[in-house]
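Visitor: I am new to this model. Could you take a close look at a single part and then say how the rest is laid out?

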Amino acid sequence: MKFTLSWLKEHLETEASLEEIVERLTMIGLEVEEVTNRADRLKPFKIAKVLEAEQHPNADRLRVLKVDTGEGDPVQIVCGAPNARAGLVGVLGKPGDHIPGLDITLSVGKIRDVESFGMMCSERELELSDEHDGILDLPADAPVGVSYAEWAGLDEPVIEIGLTPNRPDCTGVYGIARDLAAAGLGKLKERSHAQLRGSYPCPTNVTLEFGDTKPMCKAFGLRMVRGIKNGPSPKWLQDRLTAIGLRPINILVDITNYITFDQGRPLHVFDADKVQGNLVVRRGKAGESLDGLNGKSYELDDTICVISDENSVESLGGILGGEPSGCTEETVNVLIESALWDEDDIAATGRKLGVNTDARYRFERGVDPDYMMPGLEYATRMVMDLCGGEPSEAIQAGDIPETSNIIEFPYAEIKRLSGVDVSQAETNVTLKSLGFWISGSGDTVKVAAPSWRPDIEGKADLVEEVIRIIGLDRVSFTPLPRTGTVGQKVLTTGQIRRNRARRALATRGFNEAVTWSFISKDQAEMFGGGGADLALANPISHEMTDMRPSLLPGLLAAAQRNADRGFGDVALFEIGQIFENDTPEGQKMVATGVRRGTAKFQGTGRHWSGASDEVDVFDAKADAEAALAAIGAQVEKLQVYTDAPDTFHPGRSGCLKLGPKNTLAVFGEVHPATLAKLDIEGPLVAFEINLDALPQPKNKGGRSKGALNASHLMPVRRDFAFLVGKDVTAGTLLKAARGAEKNLIADVTLFDIYEGQGVPEDHKSVAIDVLLQPRQKTLTDEEIDVISKKIIANVEKATGGSLRS
Amino acid sequence: MSNLDTLESDILAAIDGTETEAALEDVRVAALGKKGKISEQMKTLGKMTPEERQVMGPALNGLKAKITDAVAARKIVLAEAALEARLASEKVDVTLPLRASPAESGRIHPVSQVIDELTAIFADMGFSIAEGPDIETDELNFTALNFPEGHPAREMHDTFFFNEKEDGERLLLRTHTSPVQIRTMQNQEPPIRVIIPGRTYRCDSDQTHTPMFHQVEGLVIDKESHFGHLKWVLREFCKAFFEVDDIKMRFRPSFFPFTEPSMELDIQCDRSGGEVKIGQGEDWLEILGCGMVHPNVIRNCGLDPDVYQGFAWGMGIDRIAMLKYGMPDLRAFFDADVRWIKHYGFRPLDLPTLFGGLSS
């Protein structure tokens with residue numbers, strides 16, 4: 001919402017400075033977004049008169065002008081404008097002046113061998129409008145040598161406020177003045193629009209015809225003024241409109257625009273001679289269309305409210321007038337419409353047709369119903385003042401809806417919600433100055449909101465009205481009482497796990513990424529998603545259409561982006577949500593990481609201490625185990641399975657599980673086919689951890705770690721090497737060895753695997769180091785022999801192998 | 001005797017001439033070994049007259065002791081020299097650079113770090129962390145929050161929708177974290193103090209808007225918390241978060257469907273340099289919206305607004321991160337460029353606490 005300072009002062013008697021007004025507007029909730037003054041950038045430009053205009057000797061389309069600047073000798077200007085002629089009074093820019101519309105600074109130029117000392121400007125060059133067909137052509141009596149901006153009335157602050165959608169009353173300058181007056185910044189000049197007596201009945205009738213459907217128009221006021229003389233608006237009116245960015249058209253149209261911004265009351269004018277018969281306000285019909293005043297054509301249907309005459313649709317009610325019945329300078333009889341439309345229907349139609357007009361903006365927020373007929377009077381008066389003519393009687397179809405909502409208001413509500421003491425007297429003055437009506441006495445009164453405040457619903461709204469006007473600074477900072485003695489644990493298990501996994505992964509050299517929650521359909525399908533329930537109906541791009549079933553696609557793409565920038569050895573992880581379905585339970589928290597190139601735990605790339613190899617499945621396994629350990633899993637108790645999803649390399653991937661059905665993590669090399677489909681280059685390894693899959697920790701009742709049970713006896717080490725089949729897994733062998741004598745075997749380490757010379761085909765040699773920790777007494781050689789035999793027997797039985805001799 | 005003197009000087013010269021412990025040992029054996037020269041001399045003592053022996057005995061013993069001492073002294077010298085030589089040979093170039101340790105090269109994303117900072121601040125004021133799903137119902141995202149059907153305020157949200165289901169329901173991606181207010185009030189008895197960080201979505205994209213972003217919401221519901229408390233909470237938050245001793249603030253009336261009265265908060269800043277500096281200067285910077293929870297919202301959660309009251313506020317996590325740490329472009333938050341993460345990210349062990357300073 002834009003307006004000028006002088007326009008505001010039309011309604012507000014005030015001595016306040018611009019700065020005070022701007023500050024107060026913001027502090028009462030009408031936030032000033034910008035204050036501009038077009039004169040600032042037009043300061044150097046002065047009115048000048050063309051004395052001579054001669055053909056340029058070397059160019060057909062150029063003329064050489066002698067221009068009187070009002071001081072000194074005339075200056076020579078080369079000009080290409082078609083309307084450049086002797087006698088024209090226009091606006092001159094001199095060398096050194098900045099032309100805002102072109103964003104250039106003028107200098108003395110030479111155009112086809114003729115010197116030019118400036119330029120005569122067009123409206124577009126001065127950012128007055130888009131007009132660029134010729135240079136400014138001012139009235140012949142415009143004073144030469146005078147500042148153009150000053151003469152044109154442009155030297156005035158234009159204030160723009162960012163209006164919140166709850167304040168339709170401030171879509172007009174009058175409403176803004178009312179708020180400022182209530183806030184003590186001046187006196188509101190009362191508006192009064194005496195009812196005009198028509199000298200004849202309105203020859204065009206209007207009816208609201210919605211049958212048994214929901215009425216889309218509540219009421220409709222109409223009047224004819226006949227015998228008028230339309231034409232360009234007077235300068236003051238044009239100036240007001242151009243100052244806020246509107247283009248003057250003709251008096252009748254300008255009046256409707258003016259009252260829209262002056263009172264927040266949109267109107268429409270029909271050329272009565274182009275309207276056939278009476279007007280009907282009704283639902284549109286399929287097949288009907290309207291050519292709007294904005295030059296666009298609209299297809300209509302029964303969700304759209306129209307005004308039609310006997311022949312055709314003439315207007316989109318409350319949004320846009322039609323071109324065929326629009327008023328032109330030739331109009332002599334005018335029909336003025338002031339109507340009341342359904343807010344929701346206006347919003348829906350505006351959305352559907354994609355039309356944003358100043359009328360829609362106001363009607364969808366809710367215009368003052370009680371001002372419908374006064375607005376019609378105001379418009380009629382302006383038409384008669386500026387165009388003459390003779391008004392008919394005003395007619396009204398439909399009824400103005402009753403708006404009074406009476407609120408039981410305990411004064412104590414202000415203190416309860418805001419914490420500030422405001423006296424009853426101050427409350428009453430404030431509310432009354434805003435147009436509220438108060439009745440009763442005592443601690444609770446009845447308050448009714450004025451018709452222009454549809455946003456006022458209940459007590460809380462009244463509290464807001466009072467404190468925003470008296471000033472939010474009156475509310476003092478009040479400490480929020482502490483709830484307990486010291487801070488409590490406030491995080492859930494899930495939140496704690498995420499934090500621990502995050503920090504644990506970062507200490508392993510990972511960089512944390514945050515990638516989009518939505519990915520392309522192809523990617524979603526590749527990773528087990530892409531279901532219809534998780535596809536957006538209105539995605540912002542084809543890369544972001546489906547909720548992600550995995551963090552991998554986003555991280556893999558991120559790794560590739562980094563590689564494309566020259567940083568191929570990256571370790572990235574993300575902790576975030578994935579979506580199995582559209583229910584809250586279908587949203588799961590996972591921690592996922594990728595390592596690319598040589599981004600190993602020890603470091604990346606070549607180094608004097610030894611170059612890093614390419615990342616492999618064991619890097620991913622180590623990461624998964626570290627993160628699981630950080631969130632409280634007992635990693636040594638997890639089982640390793642080899643049934644990772646098929647996005648992983650089938651022979652170089654695995655799962656860490658708690659039982660066959662509860663997968664805590666998967667890890668491995670990403671399947672080469674997956675990478676190829678995503679157009680991503682490896683080597684790439686990855687892990688995914690289901691943070692919610694780990695059972696909740698049990699409350700053990702106490703934090704004691706128990707006594708340390710360290711033996712004072714020397715542990716004993718024994719090495720064994722087994723020949724086993726190539727397919728025998730280390731896990732099987734180690735489990736058999738560990739299980740041989742649980743009370744004595746403290747640890748088993750696999751320290752060598754060998755294939756090749758000395759080992760039969762399809763076999764491998766696996767060497768382990770068993771640590772025996774006696775607890776009661778030192779082991780004798782015989783006892784150690786017995787245990788060794790047990791270990792050998794267990795391993796041979798489990799693996800089908802034999803001790804390597 | 002002169003023989004002995006010659007012998008002594010010869011042996012001492014030999015000792016001094018040795019360069020290795022092995023050579024020294026050879027000299028020692030040649031002098032003091034079983035067949036050493038001194039030992040041979042000692043053997044002659046038996047054949048001497050008592051008078052001769054009285055002279056030669058002490059002389060030989062003295063010589064033996066002198067040589068033994070000389071060998072021991074030389075041994076120390078040689079050992080020191082040998083150690084020095086070894087050390088010299090073992091010298092390495094300690095300017096050789098090491099690989100960065102993983103704990104040094106890993107980084108936490110600023111969004112995570114700022115959420116931890118927010119947690120530290122608000123946990124101290126007795127707030128818990130509430131969360132909710134990203135995929136929401138129209139009811140919880142709008143209707144229960146007092147956005148009337150067809151209201152222009154809904155339009156301003158640029159909502160991402162899912163396809164309509166057979167029963168006519170149309171789910172959406174939450175446009176703000178406020179639906180979690182409703183979930184919290186519906187599931188938890190007052191008093192309530194929660195902050196709600198999370199991902200939010202709007203169909204919008206430019207330098208300061210991305211289709212996905214992060215918000216944090218705060219909610220207090222009890223029987224006495226009012227706007228004065230809200231002002232205090234937000235002031236303390238701003239001071240703690242931006243790590244300044246004092247900060248000028250300006251509450252402006254505004255409008256949100258789910259609060260009444262509604263306010264926006266501007267904080268003091270200085271825009272004169274290239275960056276925004278918080279807590280100094282003469283400019284204002286809008287950082288959040290807030291207000292008293294609308295009676296309709298309280299009622300929609302099954303509570304009586306004449307009994308229960310409270311306040312809520314909401315702001316962009318990415319935005320306050322940008323203000324505090326100076327990132328110029330929101331889009332880079334979601335690009336996973338390692339150069340950006342390393343520059344703006346945080347060391348894994350830099351856990352924000354109030355007692356240790358949030359970011360120092």
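This is a predicted model: local features need pLDDT of at least 70, side-chain atom pairs count only at pLDDT 80 or more; totals for chains, interfaces and linings use all residues.

Guide: Helices (H or I, at least four residues) and strands (E, at least two) are DSSP runs, numbered from the N terminus. Residues are numbered from 1 along each chain as its sequence is written, while chains are lettered from A and ligands numbered from 1 in the order in which they are written.

The part to look at is helix α20 of chain A, which covers residues 781–799. This helix has 19 residues, and the distance from its first C-alpha to its last is 27 Å. That is close to the 27 Å expected at 1.5 Å a residue (1.5 Å times one less than the number of residues). Three residues of α20(A) are buried (20 or more other C-beta atoms, placed from the backbone, within 10 Å of their own; exposed is 12 or fewer, partly exposed in between): A:Ile791, A:Val795 and A:Thr799. Seen down the axis of α20(A), these buried residues fall within an arc of 40 degrees (taken over the directions from the axis to the C-beta atoms), so they line one face of the helix. An α-helix has 3.6 residues a turn, so residues three or four places apart point the same way.

On the other side of α20(A), the exposed residues are A:Glu782, A:Asp785, A:Lys789 and A:Lys797. The buried residues pack against three elements of chain A, namely β39 (716–725), α19 (730–738) and β41 (763–772). After the helix comes A:Gly800, with a positive phi near 75 degrees.

Now the chain around the helix. The mean pLDDT of chain A is 93, and 100% of its residues reach 70 or more. Confidence in chain A is lowest in helix α3 (residues 38–42), with a mean of 86, and highest in strand β30 (residues 511–512), at 98. An automatic or database assignment divides chain A into domain 1 (2–39 + 156–188), domain 2 (44–146), domain 3 (206–398), domain 4 (406–474), domain 5 (493–690) and domain 6 (716–803). The C-alpha centres of domain 1 and domain 4 of chain A lie 22 Å apart. Twelve residues from domain 1 and eleven residues from domain 4 take part in the contact (C-beta atoms within 7 Å). On the domain 1 side, the largest share, four residues, comes from helix α5 (residues 173–182) of chain A.

A:Ala611 is found in the loop between β34 (587–596) and α17 (617–630) of chain A, and it counts as exposed because it has 11 C-beta neighbours inside 10 Å. Apart from neighbours within four places in sequence, A:Ala611 is in contact with A:Gly605 and A:Arg606. From A:Ala611 to A:Lys777 the separation is 166 residues in sequence and 48 Å in space, C-alpha to C-alpha.

Chain B comes next. It is divided into domain 1 (2–89) and domain 2 (109–344), and the C-alpha centres of these two domains lie 93 Å apart. In the loop between α7 (138–141) and α8 of chain B sits B:Glu149, which is exposed because it has 11 C-beta neighbours inside 10 Å. Between the chains, 65 residues of chain B are in contact with 76 residues of chain A. On the chain B side, the largest share, seven residues, comes from α10(B).

Technical notes:
pLDDT is the predictor's confidence in each residue, from 0 to 100. Two residues are in contact if their C-beta atoms, placed from the backbone, lie within 7 Å.
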